[in-house]
Amino acid sequence: MSEAEEPKVNPFTALGGTGTTFGTGGGGFGFGSAAPVAVFAVPKAEGEEDGEGEEAAVEEECQAEFKPLVQLEEVETSTGEEDEECMLDLKCKLYRYDTENNEWKERGIGQSRFLQHKENKKVRLLMRQEKTLKIRCNHLVMPGTKLQEHAGSDKAWVWSTVDFSEGEQKIEMFCIRFGSVEKAQEFKIKFEEVMALNETLISAPATADVDESKAEVDKLADEAQGVNLMPTMEC
C-alpha cells in the first residue's frame, strides 16, 4: 500500500462485526445468531412436507349427485291420426251456425285436412285450431253433402253434416273461408272427390242412418238461409 493511500475503514466495525456480515464478530448485537430466512418464501404449515401445499391448493372436483324428488316418465301422446294419411292440408277460418241466436260464430283459425284411413280408406275432414290444436271440426265426408258457395264471397263454402268434434254426434252447419279463391276451389274439388270415394266405402246397413241424418241437416240448412257471415271473416 502506498503512503498516499489511506486505509479504508469498514463502516460496520463499530457495530461489533469484523466484516460485512452482521454478528460474525464479538459485538453485542448478535444479528448472525439465527439461521438465514428467505425474504419472499411462504412459510409452511406445521407437519407439511414439500408438495403437499400444491395439492391442497387444487380445488377438488365435486362428486355429489343430486336426484330429483319426483321421477317423471316419458308419456307417448296419441293424436288419433297415426293410422291416417293427409290428402290435403289448407289454412282456413271456420264458423259454425248458432241456431239459438240465429248467427254465425267463429270456431277459430287453423289447418283443415282431409285424412284417409290406411285400412278402411274412409276419409274424414278434420280442423284443429292453431296453437291450442283443439278440434273444431271432425266428421266423415258423407255422400250427398251439399257444398254451397256463400253468398257474396267466392272464398267461402257452407255445408251441413253430422259432426263429432265435441266428443258426441251433433248436427252442425259450418262455413269455411280461405285466404284466396284458388285455395277455396282446391278445397271444393277435394271435398267432392272424397265424398264420391266414401260413397263406395260406406256399408249398406248404414244407409238408413245416413238418410235420417240428412233430413235433419236439410232442416238446419233451411233455418240458416239468408243469415250473413260475421264481417270479420278474413283469414
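Strands β1 (residues 84–98) and β2 (residues 103–117) run antiparallel and are joined by 14 bridges; strands here are DSSP runs of E with at least two residues, helices are runs of H or I with at least four, and both are numbered from the N terminus. Within β2, I109 stands opposite K93. The model is a predicted one, in which local features need pLDDT of at least 70 and side-chain atom pairs count only at pLDDT 80 or more, while totals for chains, interfaces and linings use all residues. Residues are numbered from 1 along each chain as its sequence is written, and side-chain values use heavy atoms, with hydrogens and water left out.

Turning to the aromatic rings, a search of the whole structure finds eight pairs; rings of Phe, Tyr and Trp (its six-membered ring) pair if their centres lie within 6.5 Å, and planes under 30 degrees apart count as stacked, over 60 as edge-to-face and the rest as tilted. W159 and F174 form a tilted pair, 5.7 Å centre to centre with 45° between the planes. Since W159 belongs to strand β6 and F174 to strand β7, the pair ties together parts that are 15 residues apart in sequence. Both W159 and F174 are buried, meaning under 20% relative accessible area with a 1.4 Å probe and protein chains only, where over 50% is exposed and in between is partly exposed.

Helix α2 holds both F187 and F191, four residues apart, and each is buried. One aromatic cluster is formed by F114, W159, F174, F178, F187 and F191.

Key. Pairing = 2+ DSSP bridges.
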